Amino acid sequence: MPNIRYLGHSSYYINSAKGTAIITDPYGRTIPYTFPIISADIVLQSHEHADHNATWRVTGNPIVVKRTSDFIAEFDVNVEKTKETLTFKAFPSWHDKFIGKKKGPNTIFMWYMDGLKFCHLGDLGHVLTEKEIEWLGEVDVLFCPVGGGITLTSSDAVLVVNQLKAKIVFPMHYKTKMTEFISWLEEPVENFIEKIGGAEYLYALATQVDSHHLPKTTVVKILENG
């Protein structure tokens with residue numbers, strides 16, 4: 001079973017059953033969480049803003065995967081250490097509701113691992129179009145921004161979760177006590193939880209996800225930062 005740990009902001013550490021380590025959107029020093037000294041095989045980078053592209057903070061000489069085009073891209077990544085090859089699809093999207101005119105492009109990453117379909121929305125700033133829903137399909141594990149400001153509002157995040165019929169949702173990119181001074185993080189995670197109808201607070205740094213025991217309806221899981 002894959003292991004999932006929340007590193008704060010939009011950064012998650014996802015470890016496959018074979019031991020392949022993936023980190024999403026490592027943040028720079030403008031985000032006041034403590035980014036751990038941590039090694040990974042692969043880093044997914046959704047865009048070039050400093051709170052998402054600090055790949056230099058990840059040790060282990062990881063392979064960095066990021067979108068290189070305005071159309072759907074596909075990356076096969078072979079991890080010699082674990083003898084595992086993962087395929088990442090990168091879907092073009094926008095950081096705002098104005099086709100990128102305010103905040104630029106964003107990349108949605110989708111991949112299969114350990115019998116599960118993962119999707120990381122990066123700094124998605126708009127609800128999905130019918131074409132995007134068709135591209136992505138239904139998702140087992142979704143990493144979704146919920147804090148508004150420059151990404152999905154809590155209300156729009158609920159719409160996107162429903163669009164993708166996500167089984168398990170890990171919220172990200174929201175206001176906390178440590179980030180109250182950051183103006184472009186507008187909403188706490190509680191706004192999203194209230195609108196989607198509740199969440200499971202794990203009171204832990206990490207959790208495992210089992211492809212054989214997925215919930216029948218959407219479950220939001222809240223991990224501790226760290």
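1. N61 is found in the loop between β6 (58-59) and β7 (63-66), where helices (H or I, at least four residues) and strands (E, at least two) are DSSP runs numbered from the N terminus. The phi angle of N61 is near 55 degrees, a positive value in a residue other than glycine, and N61 is exposed, with a relative accessible area of 73%. Here buried stands for under 20% relative accessible area, exposed for over 50%, and partly exposed for what lies in between (1.4 Å probe, protein chains only). K165, in the loop between α2 (154-164) and β13, also has a positive phi, near 50 degrees, in a residue other than glycine.

2. A word on the source: this is a predicted model, in which local features need pLDDT of at least 70 and side-chain atom pairs count only at pLDDT 80 or more, while totals for chains, interfaces and linings use all residues. Residues are numbered from 1 along each chain as its sequence is written, and side-chain values use heavy atoms, with hydrogens and water left out.

3. The count of salt bridges comes to nine, a salt bridge being a side-chain nitrogen of Lys or Arg within 4 Å of a carboxyl oxygen of Asp or Glu. In one of them, the side chains of D41 and K81 meet at 3.3 Å, N to O. This pair links distant parts of the chain, 40 residues apart, with D41 in the loop between β4 (38-39) and β5 (42-45) and K81 in the loop between β8 (73-79) and β9 (84-94). D41 counts as buried because its relative accessible area is 14%, whereas K81 counts as exposed at 60%.

4. Another salt bridge joins the side chains of E138 and K167 (3.9 Å, N to O). E138 lies in the loop between α1 (130-136) and β12 (141-145) and K167 in the loop between α2 and β13, so the pair ties together parts that are 29 residues apart in sequence. E138 is partly exposed at 46% relative accessible area, and K167 is buried at 19%.

5. A salt bridge is also formed by the side chains of E200 and K221 (3.1 Å, N to O). The partners are 21 residues apart and link distant parts of the chain, E200 in strand β14 (residues 200-201) and K221 in strand β16 (residues 219-222). E200 is partly exposed, at 34% relative accessibility, while K221 is buried, at 13%.

6. Which side chain of opposite charge is nearest to E187, a buried residue without a salt bridge? It is K195, 4.0 Å away, where Lys and Arg count as positive and Asp and Glu as negative, and His and the chain ends are not counted. E187 lies in the loop between β13 (168-172) and α3 (189-196), and the side chain of E187 makes a polar contact with that of S154 at 2.6 Å. A polar contact is a pair of N or O atoms within 3.5 Å; within protein, one must be able to donate a hydrogen and the other to accept it, and residues adjacent in sequence count only if both atoms are side-chain atoms.

7. N106 has its place in strand β10 (residues 105-113), and N106 counts as buried because its relative accessibility is 0%.
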